Amino acid sequence: MDPKIVIITGLLVSACLTTLLSFYAIRRLSTTAGSGAYIGLLISVTLYTLGYALELSRTTLEGIIFSLRIEYLGLPFIPVFWFLLALRYTGYFQKIPRWLYGGLFCFSLVTLVLHYTNDQHHLFYKSLSINDQGPFPLAAISKGTWYYANIQFTNLCVIAGNILFFWMMLRSVGSLKRQAAAMFLVSLIPWIGNIVYQTGYSPYGIDIIPFTLTLTGPLFAVAMFRFHMFDVVPIARGRVFDIIQDPVIVLDKYNHLADFNRAAANVFKNITPKGIGTRIDDLLIRHPELSLALVDSDNLNQEVQIVESDIHHFFDTRMVSINNSKSRQMGKLVIFHDVTSQRHLLDRLETLATRDDLTGIFNRRHFMDLSREEIARAKRYDHPISVVIMDLDHFKQVNDAHGHQAGDEVLRNFARLLSSCLRSFDILGRYGGEEFALVLPETTPENGLKIAERLRQNLNDHKIPFRDKVLSITASFGLAGISAFQDDIDLDALLYRADQALYRAKGKGRNRVEAD
């Protein structure tokens, strides 16, 4: 059979295939992301293929020139639609400025115009003739300046698309990784035809690039319309994943970072695109407990605290396993739900429930609860314990002479002074008004008396600045304690005894310590 007929027939079949795929894609235009770029690519390939089939069928220079003009209705736009298709697939389409798209199409339009007007300037072809030394005539061209510029433009667009497909393959996990790898391999097919043609190994010297481009069409169609990759990947990755306010990271089965969203990058400063493929415990070295939990656990559900740039974040974490079709784990998705505001609210509510609003020490109810627990512990282990009640002397005179704001400042100062002189396990609370109560665990009455006397002396020497004045105040102390526990002793009994001692201190002139 005549090889010329075989080649032309193959080209026509290819053109029919891309045409059918175009019609099918047009029907799915409104339901499948990326269809517009795919349709543009198919139409461009169809025009290129039909024009080349017509070129091979011609025997005159005028016929070849006419065929080339049909080819160039599609050929200059193939690299642009190729690049747009890659952008759609990887989810970067919305991130590219619109002026860049306009610039790409303008370049292709300039190529088309220069090709059609080549006789006036010869920027595209320096010369054009027929090579009839083979089994059938072929166009023999001498390339002009813009021809080389168009080749570089085409190569850049195609390479950019290859890089995007390759980048998507690296960022994907599980079954999506295999699909992305297939897409990357498909994107390399046109290079096979280009290399064979440019190195002179194509049969009869014909351009086999139309055939390789046609081959990519059905493969892309399977990805788009059967596996819905263009529906899921760009939307899930480019629009949803990055707008999720909760940090999300994806790990592969070897606990390498596979993906992350913008919120995760904002919280974990070491998580960057350069960290893709790095073990998560190497990236979260500043958070060893979290990284250990991520690596060793397949079901992480706990609250974690993360400190970055001196900012405390609280997160409820949830880990979701990523499995393939055979239920084998391919990775895991970790979602960090920010509960910082809720945690601060709970802390605030706890503070309101347990702390005195003015002085910041325990309020009476919480003081009583903690003290009863401490009394029970002392009774269980037969340990000593002491209780002190303190009352500010002549506090009403402070309010009458200087106002209630001065009284509030005195109370705050007294609470701070007491807190600074006590041990971490001592229990201090505001008992009521200007009265304060103190429980001293592991403290005999003798040692409790020394502590109370030291507190009294510190207050006696303490000066309280208020506006343009310096205030002084004293307090009376009543103490009750036991060295060994008795069955009839409880908190109420100790407080009553300490209160009686306090009244004796006041009766003896105030600013003194009395023990029961």
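Predicted model: local features only at pLDDT ≥ 70, side-chain atom pairs only at ≥ 80, totals over all residues.
The space in the largest pocket comes to about 970 Å³, and 32 residues line it, of which Y48, Y147, Y197, Q198 and D207 are the closest to its centre. If you sort the lining of the largest pocket by class, you find 21 nonpolar, 7 polar and 4 charged residues. Several elements contribute at least two residues each to this lining, among them the helices α2 (35-57), α3 (61-71) and α4 (78-90), and the strands β1 (125-131) and β2 (138-143). The helices α9 (189-198) and α10 (209-226) also supply at least two residues each, while α7 gives the most, with 6 residues.

Over the whole structure, the search finds 13 aromatic pairs. In one of them, the ring centres of W82 and F165 lie 6.4 Å apart and the ring planes stand at 75 degrees, so this pair is edge-to-face, given that planes over 60 degrees apart count as such.

Staying with α4, I turn to helix packing. Two packed helices are described by the angle between their axes and the distance between the axes. For α4 and helix α5 (residues 98-116), the axes come within 10 Å and cross at roughly 155 degrees, which means that α4 is roughly antiparallel to α5. On the α4 side we have V80, F81, F83, L84 and L87, and these meet Y101, L104, F105 and S108 in α5. This contact of α4 with α5 holds 8 nonpolar residues and 1 polar residue, with no charged ones.

What is the angle between helix α16 and helix α20? Helix α16 (residues 364-381) packs against helix α20 (residues 491-507) at about 110 degrees, with the axes 10 Å apart, and α16 is therefore roughly perpendicular to α20. M368, S371, R372 and I375 of α16 make the contact with L491, D492, L494 and L495 of α20. Here the classes are 5 nonpolar, 1 polar and 2 charged residues.

From α17 the contact takes F395, V398, N399 and H402, and from α18 it takes H404, A406, G407, V410 and L411. By class, the contact of α17 with α18 has 5 nonpolar and 4 polar residues, and no charged residues.

Methods:
Residues numbered from 1 in each chain as written. Heavy atoms only, no water. Axes fitted to C-alpha atoms, helices over the stretch in contact; angles between N-to-C directions. Helix = DSSP H or I, 4+ residues; strand = E, 2+ residues; numbered from the N terminus. Parallel < 35°, antiparallel > 145°, perpendicular 65-115°, else oblique. Contact = heavy atoms within 4.5 Å. Nonpolar A, V, L, I, M, F, W, Y, C, P; charged D, E, K, R; others polar. 1 Å grid on protein atoms, 1.4 Å probe; cavity = no way out; pocket = protein on both sides within 12 Å on 5 of 7 lines; lining within 4 Å. Points joined across faces, edges and corners; volume = space filled by probe spheres on them. Phe/Tyr/Trp six-rings, centres within 6.5 Å; stacked < 30°, edge-to-face > 60°.
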